[in-house]
Amino acid sequence: MTKKIMSRREQKEAARKKKAPKKKSWIKRILLVITFLVMLAVIVVGAVLVKIIIDAPKLTAEDFKTPLSSQIYNEDEELIGTIFEEENRTQVKIEDVPDEVIDALVSIEDKRFYDHPGVDYKRITSAAIKNIKHGWGVEGGSTITQQVIKRSVLTSEKTLTRKVQEAWLALNMEREYSKDDILEMYLNNVYFGNGAYGINTAAKSYFDKDITDLDLSQTALLVGLPNAPSADNPFKDPERAENRRNQVLNAMVANHVITEDEADKAKEKAIEDIIVEEKSSQENKTPYSAFIDTVFHQLVNEQEVITEEEFYQGGLKIYTTANAEAQELVDELLHSENIAYPDDNFETGIALIDTKTGAIKAIGGGRNFTSIKDINYGSKVRHQPGSTIKPILSYGPAIEYLKWSTAHMINDEEYAYSDGTPLRNWDHNHWGEITMREALQWSRNIPTLKLFQNVGADKVEEFAVDLGIELDPFVESAAIGGVNGASPLEMAGAYAAFGNEGVYTEPFAVEKIVFPDGEEWKRDDSDAKPVMHDYTAYMVTDMLKTVVTSGTGTQVNIPGLPIAGKTGTTNFAQETLEQYNMTNALAGSWFVGYTPQYSLAIWTGYPSLKDEDGNLQYMREDGTQHIAKILFKEIIAQLSSPDMDDFKMPDSVRKSGSELFIKGTDEEHDAQRAQERKAREAKEKEEKEKREKEEKEKKEKEKKEKKEQEEKEKKEKEEEKQKKKEKEEKEKKEKEKEKKEKEQKEKAEKERKEKEEKERKEAEERKRQEEKEKQEQEEREKKEQEEKEAESEADDE
């Protein structure tokens, strides 16, 4: 038989068929391994789940009681505040809750509530898929029952252990309690924001109604709040609250409990129209209100140690750093009639902390501060810091990075910002070459900017951030305070580092928290960190002491008390002044200072340029700008220890006269050489003065002897002269006598001649008179004769 010859394709096919059994064998092995791994994983996961379930807490009736109020204590562990006493919580029975409320709640939170045994497996599967795609924690699958468990028994942390225990306990809870019981627990204990716990309390808070009187729009808004009570708060963010309300309404439509038309009508109502005006979340105001608000802000918003819900209803014992004497004094001064506040709208923010530890001792939230979440001008509101920022952005960095001394010379001259904008000093004058100490002492703007520019913006910003001051935007004008971004608490914390040898601790209000189960949270006391050299801290402090003793801050000076501090005023933009025709107008006034014991920052001013009625309100240069300094002095004077030690000069600093130098720097060497030169010059001067003194004494002796001789000779001459004078006077008298006698004789002769002349003249006069009379007599007689003759002739005719 002839052997069949296979084609190439047939050969490959035959080879493939021969290899097929081998490939099948490998597949079986892989499947066996996978099966084993799956079984192992199931066993491991099962074991872990069993362990988690075993470790889950046991449910008791106590777990589902109304949440406890939190208590606040001061540094002496004295109770200073209780957050929402029991009378602030109103309970509601499930039979009194309208069906519409329950329908809304079930629709948005757990639409299969009445069907599942405490855990919604479909919802968990959907949530798990989304979490795998987008990351753990993106969406939860919690039922209403699980939420009650989480709020009553477990914590709110997003961990697998908590979720497993939550599910297990929810299954157990559903066996112990009815669906209505569970709903009642949820509605009475859940947090609705704005300090409201329980749905009836929330209805009063947001609408001033009982839940039985709510319309559909209000119901949907209220039911949607527990998901994110702070973020969806209708008082703070109406737009976000509206979106959440509409989600609830859409869920109710999808769950067939309301119609589309009903939902649309409810959506048409604006949030502002269905809520009432916001009320204080805690009406029982105490001197500690602003301090407690600061506690809330730090624990809940900044550090996120606890949730807002835990703060209000966690049954916590919160031990703070508040000092009773300090806080009561601050509150008293804010409302004192002895302080010349210009009007009720004028505000002030105060922050007092321990210089060494950073512990907050007192907060003045404002003259009109009422309760938690009010506007806190002491710890939260930021304003332009004015010249109080200068040590942080110019003088501190110049010493830290350039190692300049307090005697470093800076030219206070006509100057401008880098973009060419002119910069002026507050007095519109230029002082020429002055020391860095003098520039800070008298708050000169131009030297301050020059320091800022010499250091460089990047390093300056780094220095400021290390002190807890983050300014945005960070521009050159920030060097003289022309930028928003500092609260009194932040400024007090920054200045405290100068008084604490360069060590900064972020101001803190809480030492520890004790939870209802006995567990404790304690502040990490390792937060303190050195942010500058000790020489920088001390040299800035020493210059700021000069500000207080003989500069712009003398109004706060207390003899015998070491105070370092800086004044600061903030101005309106020129266009604002021109627009409203304002003169002598200030936007605000500061004083920030510290002692070795306390660091205190005070801001004063108006919250806005116009009041509620549109009237202008601003600080005038009529003494109002000094209120910050008056408050500072009053607080420091009353709280300070009289025997307080001064700030200690570190070994890294050398003092020469009144100025300070960093040891080992060129300026210090120059100063040392200058000091040695002065010492030499002083010694040479002393020796010269000694020689000059001896020579002077010798000359004075010779001069004295010469004088005595001259006086003797003078005396003899005067005696001789006197004798000569007496002789001359005698001769003169004799001559004068002879002259007088001669004059008398001549006078007598003259008088005789004058008499004879007179008699002669008189005789001649008599003779003339007689002749005249005779002549006149003759003329009369002649005339009479002529008249007679004339008469006779007339008679004849």
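This is a predicted model: local features need pLDDT of at least 70, side-chain atom pairs count only at pLDDT 80 or more; totals for chains, interfaces and linings use all residues.

Visitor: How many contacts beyond four places in sequence does the model have for residues 134–139?
Guide: A contact means heavy atoms within 4.5 Å, and pLDDT is the predictor's confidence in each residue, from 0 to 100. For residues 134–139 the model has 12 contacts beyond four places in sequence, and pLDDT stays under 50 there. Residues 1–5 are also under 50, with zero such contacts.

Visitor: Where is confidence lowest, and where is it highest?
Guide: Helices (H or I, at least four residues) and strands (E, at least two) are DSSP runs, numbered from the N terminus. Helix α1 (residues 8–55) is lowest, with a mean of 56, while helix α19 (residues 488–499) is highest at 98. The chain's mean pLDDT is 85.

Visitor: In what order do the five strands of the open sheet come?
Guide: Strands of a sheet pair through backbone hydrogen bonds, either parallel or antiparallel. Two strands count as paired if DSSP finds at least two bridges between them. Here the order is β2-β1-β3-β11-β12, with mixed pairing. β2 (79–83) and β12 (520–522) each have a single partner strand, so one side of each lacks a neighbour in the sheet.

Visitor: How many bridges join β1 to β2?
Guide: Four, and these two strands run antiparallel. Ile72 stands opposite Gly81 in β2.

Methods
Residues are numbered from 1 along each chain as its sequence is written. Side-chain values use heavy atoms; hydrogens and water are left out.
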